[in-house]
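Keep the viewer open as you read.

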Amino acid sequence: MATRSFIGKLNHDGSITGIYCHWDGHPDGVGAVLTEHYTNLQKVEQLLDLGSISSLGPLLSPPEGQPHSFDAPAPNVTVAYHRDRGEDLQPAKTYSNVVEFQKHVHADFDAEYAYFINHRREWNTYA
């Protein structure tokens, strides 16, 4: 069974923008990958640009020349619905503030966990 999560970033205006992640959303899964591999805000932006994802890996894309698809993902590579399975892009969603984020993210995505990175490059976790 999937452990759904939401991955986002705190914007300068106090809003939170993020995407849905289907698999392994618990703190020992997605939470650990984010903490260890997604502390660069530019990399987080690139992750959000992928839209909704099936699973999060330490890498955003495979090394050049290595095959990667939804059905046969490269090791440690994020699997995105749009890029890797050809689905319509499910772009990042923005909530106006932390209260709206907390109120809606679980209902909107049926997420068991939600994460967002702040301006100090620290990950915040909500269950």
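**From a loop to the cores**

At 39% relative accessibility, Asp24 counts as partly exposed; here buried means under 20% relative accessible area, exposed over 50%, and partly exposed in between, with a 1.4 Å probe and protein chains only. You will find Asp24 in the loop between S2 and H1, where helices (DSSP H or I, at least four residues) and strands (E, at least two) are numbered from the N terminus. Its phi is near 60°, a positive value in a residue other than glycine. Arg121 also has a positive phi, of about 65°, although it is not a glycine, and Arg121 lies in the loop between S6 and S7.

A word on conventions: this is a predicted model, in which local features need pLDDT of at least 70 and side-chain atom pairs count only at pLDDT 80 or more, while totals for chains, interfaces and linings use all residues. Residues are numbered from 1 along each chain as its sequence is written, and side-chain values use heavy atoms, with hydrogens and water left out.

Now to the interior. A nonpolar core is a set of buried Ala, Val, Leu, Ile, Met, Phe, Trp, Tyr and Cys residues joined through side-chain atoms within 4.5 Å. The largest such core has 18 residues, of which Ile7, Leu34, Tyr38, Leu47, Ile53, Leu56 and Trp123 touch the most other members. Strand S2 (16-21), helix H1 (27-37), helix H2 (41-49) and strand S6 (113-117) each supply at least two residues of this core. Apart from it lies another core, of 12 residues, including Phe6, Tyr81, Phe109 and Phe116.

Which residues of H2 are buried? They are Val44, Leu47 and Leu48. These residues cover an arc of only 95° around the axis, so they sit on the same side of H2; the arc is that of the directions from the helix axis to the C-beta atoms. Gln42 and Asp49 are exposed on the other side of H2. The cover over the buried residues of H2 includes strand S1 (5-10), S2, H1, strand S3 (53-55), S6 and strand S7 (123-126); contact here means heavy atoms within 4.5 Å. At the start of H2, a side-chain oxygen of Asn40 reaches to within 2.7 Å of the backbone nitrogen of Gln42. Just after H2, Gly51 takes a positive phi of about 80°.

Finally, look at the rings. The structure holds nine aromatic pairs, where rings of Phe, Tyr and Trp (its six-membered ring) pair if their centres lie within 6.5 Å, and planes under 30 degrees apart count as stacked, over 60 as edge-to-face and the rest as tilted. Phe6 and Phe109 form a tilted pair, 5.2 Å centre to centre with 40° between the planes. This pair links distant parts of the chain, with Phe6 in strand S1 and Phe109 in helix H4 (residues 98-109), 103 residues apart. Phe6 is buried, with a relative accessible area of 0%, and Phe109 counts as buried at 19% relative accessibility. Phe101 and Phe116 form an edge-to-face pair, 5.4 Å centre to centre with 85° between the planes. Both Phe101 and Phe116 are buried. Ring pairs link Phe6, Tyr20, Tyr95, Phe101, Phe109, Phe116 and Tyr126 into a cluster.

Conventions
Polar contact = N/O pair within 3.5 Å; in protein donor to acceptor, adjacent residues only side chain to side chain.
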